[in-house]
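Look at the structure first, then see how each label is reached.

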Amino acid sequence: MHVIIDPADRPFIHRLLGSEPDTIDASSAEAQRLQQALVIARQQKNHEADLDWKRNALYLVLFLFLYGVLGASLTLDLTGLAQDSLHKSIAYALAAVPVLIAFSGLFISLLFLFVTRGSARRLRSWDQGIWVLEKYTGCNLSMQINEMGARTTNYSQSAISVALALFICVTWVVMYNFFTFTTSGVIGSVISLFITTMTYVMLDIQLLKSGKSIAIDEPQFPADDEKTP
């Protein structure tokens with residue numbers, strides 16, 4: 001049985017097989033290679049999902065710790081130190097502790113947001129690859145199961161993780177700017193907004209640069225007249 005490759009799927013299939021067939025025979029070597037690729041893709045998707053769950057749990061535990069430390073820092077009584085001129089500098093330093101904790105939470109929450117987005121993109125790419133491979137191996141189980149659950153409550157796990165990361169990031173942005181405003185006033189709040197924006201932009205640019213593929217230079221051979229005898 002021959003299966004005609006759809007034009008939209010041909011670049012993916014051609015790059016995977018290293019050739020450019022227009023049809024796939026069920027008993028051909030190309031079909032066996034696609035079947036092996038499907039098994040590997042399913043295993044890799046499960047591995048990515050398992051790492052995603054563990055990574056999210058680790059970040060959530062870290063955020064709970066930061067929330068607890070921030071709450072404990074707000075219970076410090078600095079009235080006695082503020083009245084003593086010898087300890088005013090200590091009081092000012094302790095008053096800045098919530099700001100430092102909030103900025104740490106902001107930075108980590110931004111990393112959590114970028115990591116979650118990257119994980120969601122990889123899982124979506126694996127899903128799309130599995131659906132294409134199943135189409136030409138005669139086993140479109142994933143597509144059928146996905147269409148059976150297409151209801152208003154068919155939420156994506158990756159979308160839920162991204163929404164949670166975005167919510168946590170917004171809470172830390174609000175807390176960082178609030179504590180900066182309470183300690184430094186309007187000017188400090190404006191500066192904190194600028195720092196927040198620049199931190200997001202620099203992390204976004206740096207992570208996008210690191211995610212690009214690095215071209216490997218071909219080895220340079222000396223010319224014939226430059227070769228030693």
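What follows is a set of questions and answers on a predicted model.

Q: What makes up the protein, counted in helices and strands?
A: There are seven helices and two strands. Read from the N terminus, their order is β-α-β-α-α-α-α-α-α.

Q: How much of the protein counts as buried?
A: The label buried needs a relative accessible area under 20%. Of the 229 residues, 28% count as buried. The accessible surface of the protein is about 15,600 Å², and 65% of that belongs to carbon and sulfur atoms.

Q: Are Glu48 and Arg122 buried or partly exposed?
A: Glu48 has a relative accessible area of 11%, so it is buried, the cut-off being under 20%. Arg122 has 28% relative accessibility and therefore counts as partly exposed, because that label covers values between 20% and 50%.

Q: What makes Asp50 and Lys54 a salt bridge, and where do they sit?
A: Their closest N and O atoms are 3.3 Å apart, and the limit is 4 Å. Both are in helix α2, four residues apart, which means about one helical turn separates them. Residues three or four places apart in an α-helix point the same way, because the helix has 3.6 residues a turn.

Q: Why are Asp50 and Lys54 called partly exposed?
A: Asp50 has 37% relative accessibility and Lys54 has 46%. The label applies between 20% and 50%, so Asp50 counts as partly exposed, and so does Lys54.

Q: How do you know that Arg55 and Asp52 form a salt bridge?
A: The N to O distance is 3.5 Å, to be set against the limit of 4 Å. Arg55 and Asp52 are three residues apart in helix α2, so about one helical turn separates them. Asp52 is buried, because its relative accessible area is 8%. Elsewhere, salt bridges that share partners join Asp6, Asp9 and Lys135 into one network.

Q: How many salt bridges does the rule give?
A: The count comes to seven.

Q: Which residues of helix α1 are buried, and what puts them on the same side?
A: The buried residues of helix α1 (residues 10-17) are Ile13, His14 and Leu17. They cover an arc of only 95 degrees around the axis, so they are on the same side of α1. Their cover includes β2 (23-25), α2 and α5. After α1 comes Gly18, with a positive phi near 80 degrees.

Q: What makes Leu60 part of a nonpolar surface patch?
A: Leu60, Leu164 and Phe167 make a nonpolar surface patch of about 270 Å². A patch residue must have over 30% relative accessible area. Leu60, which is in helix α2 (residues 29-74), has 32% relative accessibility and therefore counts as partly exposed.

Note on methods: Residues numbered from 1 in each chain as written. Predicted model: local features only at pLDDT ≥ 70, side-chain atom pairs only at ≥ 80, totals over all residues. Heavy atoms only, no water. Patch = residues over 30% accessible without salt bridge, like charges linked within 9 Å, V, L, I, M, F, W, Y side chains within 5 Å. Areas by Shrake-Rupley, 256 points an atom, 1.4 Å probe, with all protein chains shown as cover. Salt bridge = Lys/Arg side-chain N within 4 Å of Asp/Glu carboxyl O. Buried < 20%, exposed > 50% of the residue type's maximum accessible area, 1.4 Å probe, protein only. Arc of directions from axis to C-beta. Contact = heavy atoms within 4.5 Å.
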